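Here is a chain to go through with a few questions about how its features are named. Please keep the sequence and the model in view while reading.

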Amino acid sequence: VSSLCYLIKALHQFGFAISAWLSLPDLYQKFFVTYPLTNGIAEYAGPICLVIFSSRVRSRLMLRKHGLKPGTVGDVSTRSS
């Protein structure tokens, strides 16, 4: 996921550079407007996927939400199988 997002960001920046180099102001403006979206996707896709797909990360986030610390009673990582 992260590699794909950074590839999209790289293609976006490449298009940005080409539109500036070829003096295409309309295309440049479209790339400029969409920059926050492509940059945000590239930066936050990894952490979001980690939270969505990792039960350990989710459980630790929930512990912090409820005021518990990792390693205390009720922590998933301290339970034995």
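Helices (H or I, at least four residues) are DSSP runs, numbered from the N terminus. This is a predicted model, in which local features need pLDDT of at least 70, side-chain atom pairs count only at pLDDT 80 or more, and totals for chains, interfaces and linings use all residues. Residues are numbered from 1 along each chain as its sequence is written, and side-chain values use heavy atoms, with hydrogens and water left out.

Q: Why is Trp21 called exposed?
A: Trp21 is found in helix α1, and because exposed means over 50% relative accessible area, with buried under 20% and partly exposed in between (1.4 Å probe, protein chains only), its value of 69% makes Trp21 exposed.

Q: What makes Ser59 count as buried?
A: Ser59, whose place is in helix α3 (residues 55-65), has a relative accessibility of 14% and therefore counts as buried, the limit being under 20%.

Q: How do you know that Cys5 is in no disulfide?
A: A search of the whole structure finds zero disulfides; the cysteine sulfur nearest to Cys5, that of Cys49, is 7.2 Å away, whereas a disulfide is a pair of cysteine sulfur atoms within 2.5 Å, so Cys5 is in no disulfide.

Methods: Helices (H or I, at least four residues) and strands (E, at least two) are DSSP runs, numbered from the N terminus.
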